[in-house]
Amino acid sequence: MTRPCFLLDEHIPHAILRGLRLRESAIRVFVVGGAFGEPGIETPDPELLVWIEEHGCLLVTNNRTTMSEHLANHLAQGRHIPGILIIPRRFTLGATIDALHLIWAASYEDDFLDQIVYL
């Protein structure tokens, strides 16, 4: 089994990407709007779910309002996702980096299958 990778949505600061890579170079982290085939800025949430399903990454977001509805629709179509991690807006950059690093170090890619986890 392999460790999870992450897709940071466009509202998650890129400093988290840099912090995770400094902490552990083996962590695979992608960002919405990135230059490596990631979804573009303002990609609709349903398309983000398809991307994370196809690439096996956990979606890291602070979108608490619509993600559960989009996930329910995605699952109703017989699809699956590796998982969604909801970061509270009150988390500091350091707390977010710590939490994501711990998730990466202590879990496998299917531990959050079809779930939304609120950190």
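A disulfide is taken here as a pair of cysteine sulfur atoms within 2.5 Å. By this rule the structure holds one disulfide, formed by cysteine 5 and cysteine 57 with their sulfur atoms 2.0 Å apart. The model is predicted, so local features need pLDDT of at least 70 and side-chain atom pairs count only at pLDDT 80 or more, whereas totals for chains, interfaces and linings use all residues. Residues are numbered from 1 along each chain as its sequence is written, and side-chain values use heavy atoms, with hydrogens and water left out.

The disulfide joins two strands. Helices (H or I, at least four residues) and strands (E, at least two) are DSSP runs, numbered from the N terminus. Cysteine 5 lies in strand 1 and cysteine 57 in strand 3, so the pair ties together parts that are 52 residues apart in sequence. The torsion about their S-S bond is about -100 degrees, and the disulfide is therefore left-handed. Both cysteine 5 and cysteine 57 are buried; buried means under 20% relative accessible area, exposed over 50%, and partly exposed in between (1.4 Å probe, protein chains only).

The interior can be described through its nonpolar cores, each a set of buried Ala, Val, Leu, Ile, Met, Phe, Trp, Tyr and Cys residues joined through side-chain atoms within 4.5 Å. The largest such core has 19 residues, and those with the most contacts inside it are Phe6, Leu8, Val60, Leu85 and Leu100. At least two residues of this core come from each of strand 1 (5–8), helix 1, strand 2 (29–31), strand 3 (57–61) and helix 4. Helix 4 gives the most, with four residues. Apart from this core lies another, of 14 residues, among them Leu7, Leu49, Ile52 and Leu71.

Phenylalanine 6 shows how the parts of the chain meet. Contact means heavy atoms within 4.5 Å. Leaving aside neighbours within four places in sequence, phenylalanine 6 is in contact with Ile27, Arg28, Val29, Phe30, Cys57, Leu58, Val60, Leu85, Leu100, Ile103 and Trp104.

Helix 1 has Ile16, Leu17, Gly19 and Leu20 as its buried residues. Seen down the helix axis, these residues fall within an arc of 170 degrees, so they line one face of helix 1; the arc is that of the directions from the helix axis to the C-beta atoms. The buried residues of helix 1 pack against strand 1, strand 2 and helix 4.

Charged side chains provide further links. A salt bridge is a side-chain nitrogen of Lys or Arg within 4 Å of a carboxyl oxygen of Asp or Glu, and a search of the whole structure finds two. In one, the side chains of arginine 23 and aspartate 98 meet at 2.8 Å, N to O. Arginine 23 lies in helix 1 (residues 14–23) and aspartate 98 in helix 4 (residues 93–106), so this pair ties together parts that are 75 residues apart in sequence. Arginine 23 is partly exposed, with a relative accessible area of 40%, and aspartate 98 is likewise partly exposed, at 41%.

The other salt bridge joins glutamate 53 to arginine 79, with the closest N and O atoms 2.7 Å apart. Glutamate 53 lies in helix 2 (residues 45–55) and arginine 79 in the loop between helix 3 (67–76) and strand 4 (84–86), so the pair ties together parts that are 26 residues apart in sequence. Glutamate 53 is partly exposed at 26% relative accessibility, and arginine 79 is partly exposed with a relative accessible area of 26%.

The loop between strand 2 and helix 2 contains threonine 43, which is buried, with a relative accessible area of 15%. The side chain of threonine 43 reaches the backbone oxygen of glycine 40 at 2.4 Å. This is a polar contact, a pair of N or O atoms within 3.5 Å; within protein, one must be able to donate a hydrogen and the other to accept it, and residues adjacent in sequence count only if both atoms are side-chain atoms. Not counting residues up to four places away in sequence, threonine 43 touches Glu10 and Leu48.

Backbone torsions deserve a final remark. Most residues other than glycine have a negative phi. Glutamate 42, however, has a positive phi, near 65 degrees; this residue is placed in the loop between strand 2 and helix 2 and is exposed, with a relative accessible area of 68%. Aspartate 114 also has a positive phi, near 60 degrees. Aspartate 114 is found in the loop between helix 4 and strand 5 (116–118) and, at 22% relative accessibility, counts as partly exposed.
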